[in-house]
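Here are a few friendly notes to read with the structure open beside you. Take the points in order and look for each one in the picture.

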Amino acid sequence: MEIWKFLVLFFCAFLGGLAIFLVKNDKSQLLKLILSFSGAYLFAITVLHLIPDAYSGADKSEIGIFILIGFLLQIFLEQFSEGVEHGHIHKHHDGHVFPWGIMISLCLHAFLEGMPLAKDQNNELIFGIALHHIPAAFALASILVQNHFKPKGVVFYILLFAVMAPAGYYFSISLSNGSISGMEPYFNKMMGIVIGIFLHISTTILFESSADHKINKRKMLAVLLGIGIALIGFYTAGH
């Protein structure tokens, strides 16, 4: 993995979490616009790149099943993460209690998101994941602060979350080149699961934050910008 890709993935999540110590007033509207942009971008990348790549494999007849599994898996994970991967910030008043369900499910989610990066032409997806992790990391840090964790503890857990996507990338590289014995035939199936997760995350981001299911002009502009940039990358890559 080129060092710049690691830095983008890591620092977007890490700095997004650290921003909790800098933001003193409500920035929820800005976060919603970032979410809308990244959700639209991630959805477009999934449709333009990941799905065609997954169906190009020899086991393409089963890919749809694994996409459904990934979609349902994300629904299951959200029972524990409480939607933090969507940038949701929930109030917790239980004192110094560690949110194990949120942390574990969020890290697993980020790990799985890093896996498609082993495929060629993945620069667009890197930026989509990195942008998506900014509000997610901010929401995680907010929950830890609300639960009265010390700054060192908050930084540690944000750091742990920030390394998950790069770790998923390295794992998928090992699968695709056969370094992990016997696992390479399952690579496309695992990509199907990741596609299902991406479809759930991106569509939920796009629709759940809209009051009465109406998209205002600023959010529509953010959505069109995300899709537009994805299309530019798609055509300039030679498709």
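1. A residue counts as buried when its relative accessible area is under 20%, and as exposed when that value is over 50%. With this cut-off, 48% of the 239 residues of the protein are buried. Please keep in mind that this is a predicted model.

2. Now for the overall build. The protein has nine helices and zero strands, so reading from the N terminus gives α-α-α-α-α-α-α-α-α. Among the contacts with a separation of 6 or more, 82% join residues 24 or more positions apart.

3. Which residues of H3 are buried? They are Ile 63, Phe 66, Ile 67, Gly 70, Gln 74, Leu 77, Glu 78 and Ser 81. Looking down the axis of H3, you find these buried residues within an arc of 130°, so they line one face of the helix. Ile 65, Leu 68, Leu 72 and Gln 79, on the other side of H3, are exposed.

4. Finally, have a look at Ser 202, which lies in helix H8 (residues 187-208). Is Ser 202 buried or exposed? Its relative accessible area is 0%, so Ser 202 is buried. Leaving aside residues up to four places away in sequence, Ser 202 touches Gly 39, Leu 42 and Phe 43.

How values were computed. Residues are numbered from 1 along each chain as its sequence is written. This is a predicted model: local features need pLDDT of at least 70, side-chain atom pairs count only at pLDDT 80 or more; totals for chains, interfaces and linings use all residues. Side-chain values use heavy atoms; hydrogens and water are left out. Buried means under 20% relative accessible area, exposed over 50%, partly exposed in between (1.4 Å probe, protein chains only). Helices (H or I, at least four residues) and strands (E, at least two) are DSSP runs, numbered from the N terminus. The arc is that of the directions from the helix axis to the C-beta atoms. Contact means heavy atoms within 4.5 Å.
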